[in-house]
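Visitor: Could you take me through the aromatic pairs here, and through the part of the chain around them? I would enjoy a close look.

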Amino acid sequence: MSSGTLVRSLGTAALAAVVVVSPATAVAAPSPPPPAPGAPAAGVAGLLNELQRLYQQAEQATETYNGTTAELKKRAAQAKKLDAALVTARRSLTRGRDAAGQLAREQYQGRSELSAYLRLLLMRDPEAALTQGQVIQRLAAGRMAAVQRLGAAEKRADQLAKESRKVLAEQRTLAARKKKDRDTVRTRLKQVEAKLASLTADQLADVSGLERKNTDQAQSALVASGALSSSRPPTAQGGQAVGYAVRQIGKPYVWGAEGPGSFDCSGLTSQAWANAGRVIPRTSQEQWRQLTRVPMNALRPGDLVVYFPEATHVALYIGNGLVVQAPRPGTSVKVSPVASNPVLGAVRPDPDGTPLASYEGPELPKGATDGSDEGYGASAAPAT
């Protein structure tokens, strides 16, 4: 058996998993069978635990990188907006300074409100004096407003310049953090790769067999709990998200990718919902933190199933106990049982949406559930 087949065993580790039936109720997964004869001292379960730990560390680092990348994009957009506002403010400041200069020249040349007021005092016609006085008041008010605008423009330009410098500094910090996060993922991937290379063919077969058994047991536990016993229609947006995710089946997992040609786990779920017209957080942790949580026994197509204690993996529920997911580097987007990984819980991007009166899910392409995980490799990490 190849190391690629082995990493499929990273998906479940039901011996350490907790199958969540609702956000507040959990059912422990069944205990693993005893090690097979001839297994290493650590035992098959021990190997599975160790590989699971390495897998979670790698995926956690991946989502950390994704979060940093998303923040960097926000800062870049903010910087662009600030730059445009600063250009406008500086133009306004220039116009204000030009107006102030004109006022100063008029004052110097004796054409200010003061000289006009002196002429007004010397006029003999009271009615004409009154009319000219009103004009002078309007001129004075206009010039006072020009001075006030100048002060406001100077203040606004200074404020925007300060904000722009702050955002630029944040961009530099985030760019450095992104590189550090990238290097962390590369390290984690190499650790998984090294562990795979150290295992014998028999060990690979034993661990893979345990993984398959644990997946079946975990899925059976979900079915027995009633979590997957009923069929609920999605909202219109949920149906669109499901359709998008299904259309991506077969596309490769690429670390940090958001489509259209490749995806990582949260890249797939976030883009599926963006395609449906609803923006959700980029990373699995933020999806778990910000979106509305729902019990597993209330799942409907379009909901997101989140995995592992630190919410480091996510998939999109399509009904009938199945999810579409981008499993990990070396794999392709595929359909899997809900319990293909240790379930943390589920969230709903459209809790206020109205479910459709009837719904028929999209037809799955041939081989949608086929394929084994090919395993991590350092080449899977992004170059930048």
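Guide: Gladly! Rings of Phe, Tyr and Trp (its six-membered ring) pair if their centres lie within 6.5 Å; planes under 30 degrees apart count as stacked, over 60 as edge-to-face and the rest as tilted. A search of the whole structure turns up 2 aromatic pairs. This is a predicted model, where local features need pLDDT of at least 70, side-chain atom pairs count only at pLDDT 80 or more, and totals for chains, interfaces and linings use all residues. Residues are numbered from 1 along each chain as its sequence is written, and side-chain values use heavy atoms, leaving out hydrogens and water.

Tyr65 and Trp255 make a tilted pair, 4.3 Å centre to centre with 45° between the planes. Because Tyr65 belongs to helix 2 (residues 43-108) and Trp255 to the loop between helix 6 (236-247) and helix 7 (265-275), this pair ties together parts 190 residues apart in sequence. Helices (H or I, at least four residues) and strands (E, at least two) are DSSP runs, numbered from the N terminus. Both Tyr65 and Trp255 are buried, meaning under 20% relative accessible area with a 1.4 Å probe, protein chains only.

Tyr244 and Phe263 form an edge-to-face pair, 6.4 Å centre to centre and 90° between the planes. Tyr244 lies in helix 6 and Phe263 in the loop between helix 6 and helix 7, so parts 19 residues apart in sequence are tied together. Tyr244 and Phe263 are buried too.

Now to helix 6 itself. Its buried residues include Gly239, Val242 and Tyr244. The buried residues of helix 6 pack against helix 7, strand 5 (313-319) and strand 6 (322-325), where contact means heavy atoms within 4.5 Å.

Terms used. Buried < 20%, exposed > 50% of the residue type's maximum accessible area, 1.4 Å probe, protein only.
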